[in-house]
Amino acid sequence: MVYPSAKYPLQYSAFVPVRRAGNSTLIFARFRLLEKYLDADSQNEAPNAVMSGLESESESDPAEPAQEDVVDQQCVETSYVPFTEEEFGEQGEQVEELAEENKSLIWCIVKQVRPGMDLSKVVLPTFILEPRSFLDKLSDSYYHADLLSKAVQEDDAFTRMKLVVQWYLSSFYKKPKGLKKPYNPILGERFRCYWQHPSGSRTFYIAEQVSHHPPVSAFYVTNREDGFSITCSILAKSKFYGNSTSAVLEGAATMTLLPRGECYTATTPYAHCKGILMGTLSMELGGKINIECENTGYRTELEFKLKPFLGGADATNVVVGKIKLGKETLATINGHWDKECRVKDSKTGEETVLFKVDAETRSKRLTRYMVPLDLQEPNESQRLWQRVSEAIANEDQVAATEEKTVLEERQRADAKERLSSDSVHMPDLFELDSYGQWLYKYADLRPWDSRNDVRQYECQFKVLTQTRHKSVPIVHGAEMIHPLRSSIETLSRTQRQSPAGQPLPSGGSAVPKAKNKSLVLAPRDTNSDSSQSPQGAVKRSSSSAIKQLTLAVDQVNRVLEQHTRQLNEISQRLERMQYSPPPSNMSAHSLHMLGGGVSQSTVIKSLIYALIGLAFSLILRWLFK
């Protein structure tokens, strides 16, 4: 444990994930670094200010108005207006009846593809497009974000997990009328909005298309006042299987409950569309997903089941699952994700409604606010696709196709220009961290301070916090989620090389200093009154604090290096297994097997059975048509 000292107040905070060998435990280590050496006068004043909140000059003046951070004083808050136009499809199977003229277009698309092909580069007709961007579509998950606010306030970890699952299931019941697909976002496209909570807080959503090939969308959701934050980057893939196609969203969302320091990760089911060549065109969700919190050990396993061939309405949109703690199953979940889901306690047998889609639930949807169209930037989704959406609304497919082609050609021209100039597109709002994840540059993962923080607001796609007093500069982006290993290692080497008690050199990447020189920040305890905290921590010598910090950093680095060696060994073993030569004592019978494992007779029998099954299914369809 590293304690602060009067000479080296804590400055930066970062959660450091470390996986120990043999025990997958997420260790959150809090590191805060100092950029300026306080003089002797500051040390004498420090004991009166340690762990007592932000005691700055502005606190003595109660009439001082609330203000933002110094670097953001010139940023004007963005204007928003309520957006209430929502479209809901019917419950049950999501189907689409194509007109005769549109069926020929489907056949033209089918001729361009082959089974197993990725459809990300295939140009789709506009009649199957939903008039909004995929970045907008991803925001459908947060119309019930108030459930996450309740989860933050819940003390029981099992109940918190149930509330998180309840919020997760609320993301899917809003469906468009018919079978529609949102626009593929243009590279550099952005989207922003927020939801107003009954408590007065706001949940902000910021999204950007960070890559086009492969198509990667990144978004960030934050409501510091209610205590949660979500970050995610999604790689969209689609596969064609003949009479069906699947859209797979690769990536996991990471949700943080800020006051509790808990992180939840969740994956996404895939969308399966069938009936492209024959039968009714329909779409449903399928696949297994996991929602887990490594801090508490709770884990939820959900399976979205596809409708079987002879299944009825009760077998449509079925979801089943389990809530587990370790290997023990605490509760089971079953129902329909677009109607009602129930949870049953494994010990007591009590069954309750987990989530139900009815008029009452829809009336509790939070109101979404969006930037007026005339105030949006040219690369914002709604304005960027405005002409295409207007043409689709007017059922003018020719005009919609022409406007869509204009955007696609412009994107191709920009790609050629970057290729000729040997440049790379750099996203404005997100950046890649050392773990290959896209993180919001202006993320703020501090717990809400009711004494100092006033409200959150958005300005130029930056979600900022208005405060009553000038506070210590905020650490944004990846530094709040992943460790700055290089910076910490540099500090450790510097402290080992310099004599104990010598001041740190200022300059280079120095951060702005606090307004009050007597301010010393200790680790924050959000559940206690900081004014009653003990002051004995400041009596520790600076050399002792630096020594403990160095030892802690070295221990973290040793664990990481050991884990890296184990991963390298596993990778080398897999490569040897993959490229190892076949055994020399192969029998004559194995030479007649396809791929070294399937005989030709088995393949022929499988084809015959497949043809019989196809003929039987066609007969059944004809009989029950």
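**Strand S7 and its neighbours**

Let's start with a pair of strands: S6, residues 202-211, and S7 are antiparallel, joined by seven bridges. Strands here are DSSP runs of E with at least two residues, and helices are runs of H or I with at least four, both numbered from the N terminus. Two strands pair if DSSP finds at least two bridges between them.

A quick word on the model. It is predicted, so local features need pLDDT of at least 70 and side-chain atom pairs pLDDT 80 or more, while totals for chains, interfaces and linings use all residues. Residues are numbered from 1 along each chain as its sequence is written, and side-chain values use heavy atoms, leaving out hydrogens and water.

Back to S6 and S7. They form a hairpin, with four residues between them. Glu208 has Ala218 in S7 as its bridge partner.

Now the other side of the pairing. S7 also pairs with strand S8, residues 228-240. That pairing is antiparallel too, over eight bridges. Val216 has Leu235 in S8 as its bridge partner. S7 and S8 make a hairpin with four residues between the strands. In that hairpin, Gly227 has a positive phi near 95 degrees.

Buried means under 20% relative accessible area, exposed means over 50%, and partly exposed is in between, with a 1.4 Å probe and protein chains only. In a regular strand, side chains alternate between the two faces of the sheet. In S7, Val216, Ala218, Tyr220 and Thr222 point one way. Ser217, Phe219, Val221 and Asn223 point the other way.

Next, Tyr205, which is in strand S6. Is Tyr205 buried or exposed? Buried, because its relative accessible area is 0%. Tyr205 touches residues including Phe219, Tyr220 and Val221, not counting residues up to four places away in sequence. Contact means heavy atoms within 4.5 Å. The Tyr205 side chain also reaches the backbone oxygen of Leu135, at 2.7 Å. Along the chain, Tyr205 and Glu458 are 253 residues apart, yet their C-alpha atoms are separated by 9.7 Å.

Last, Asp136. Asp136 is in helix H3, residues 134-137. Asp136 counts as buried because its relative accessible area is 8%.

Technical notes: A polar contact is a pair of N or O atoms within 3.5 Å; within protein, one must be able to donate a hydrogen and the other to accept it, and residues adjacent in sequence count only if both atoms are side-chain atoms.
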